[in-house]
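Welcome! Have a look at the sequence and the model before reading on.

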Amino acid sequence: MILTKRNALFAGSWYPTSKKAIGAYLTSTTKKTNVIAAMVPHAGWIYSGKVAGSVFSAMSPADTYIIISPNHTGIGPQVSIYPSGSWQTPIGSLSVNAEFVSHLCNEYKSITPDTTAHSQEHSIEVQLPFIKYINPSAKIVPITLANYSLELCTKLALSIAKIIKEKYANQKVLILASSDMSHYISVQQAKTLDTLAINDMLSLNAAALLKTVEENNISMCGSGPVAVAITAAKALGAKEAKLIAYDNSGTVTNSTSEVVSYAGMLFL
């Protein structure tokens, strides 16, 4: 398998480049919890970094982070996994766990080893400075998802869970779903719609989440990745979910008429 390097495309614009500035979004005094999976936002850090930092601050470090993101660009296959090599961050690179990738491709035949879907996608990259800061030796498994059908999300999730149980029982593997919540509506509309989706997440109900988002036209971009994370977490023994942070871009822009909202969730 050919090794590839994914450059940091959004450093200095979507998130800071210095270790000190990255660390400022994390809270060292927060109690660390051994979580199975989490949902973390992926907007520019000026807007969503506080929520994202709350999530990463609350989790015990992992050896491998499986990061599942939406496909915002429409490029590439339905389920794209970055096959090998490394992803660059301003504070050093993170190696792809090519062994895990190989296991997952063997277990779930509908996943495609691919770099094109990741070539311009921001929603995995913006998580990496946090991971590199927290555990410099961590490995990553980047997956970009363009199909949110319940069948696909379930099969992918159960395949991930099976590999973790059978191959990585002695390592800490953490599943991250990268998602923002409502987009470009008023603060009150966002809170109303987001509450519907958050309640499904708190109930660890992936099927209900996908249905709620579709039936209420909620512009939550990563409902599929979150459904995968919830299903995998339950297969790995998760019994509860916690909402640890919620915010919106209006906090920064001082506008309440058109915001993007962000939630941080733990599944444990």
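## A charge over a ring

Let's start with a lysine: K19 lies over the face of Y133, at 5.7 Å from the ring centre. Please keep in mind that this model is predicted.

## Rings in pairs

How many aromatic pairs does the structure hold? There are seven of them. A pair of aromatic rings is described by the distance of the centres and the angle of the planes.

One of these pairs joins Y15 and W45. Their rings are tilted, with 5.7 Å from centre to centre and 40 degrees between the planes. Y15 sits in the loop between β1 (5-6) and α1 (19-23), while W45 belongs to helix α2 (residues 45-58), so this contact ties together parts that are 30 residues apart in sequence.

Is W45 buried or exposed? W45 is buried, because its relative accessible area is 3%, under the 20% cut-off. Y15 is buried as well, with a relative accessible area of 3%.

F130 lies in helix α4 (residues 128-134) and W45 in helix α2, so the pair links parts that are 85 residues apart in sequence. F130 counts as buried too, at 0% relative accessibility.

Which residues form one aromatic cluster together with Y15, W45 and F130? Y25 and F56 complete the group.

Methods: Residues numbered from 1 in each chain as written. Predicted model: local features only at pLDDT ≥ 70, side-chain atom pairs only at ≥ 80, totals over all residues. Heavy atoms only, no water. Phe/Tyr/Trp six-rings, centres within 6.5 Å; stacked < 30°, edge-to-face > 60°. Helix = DSSP H or I, 4+ residues; strand = E, 2+ residues; numbered from the N terminus. Buried < 20%, exposed > 50% of the residue type's maximum accessible area, 1.4 Å probe, protein only. Lys NZ or Arg CZ within 6 Å of the ring centre and 35° of its normal.
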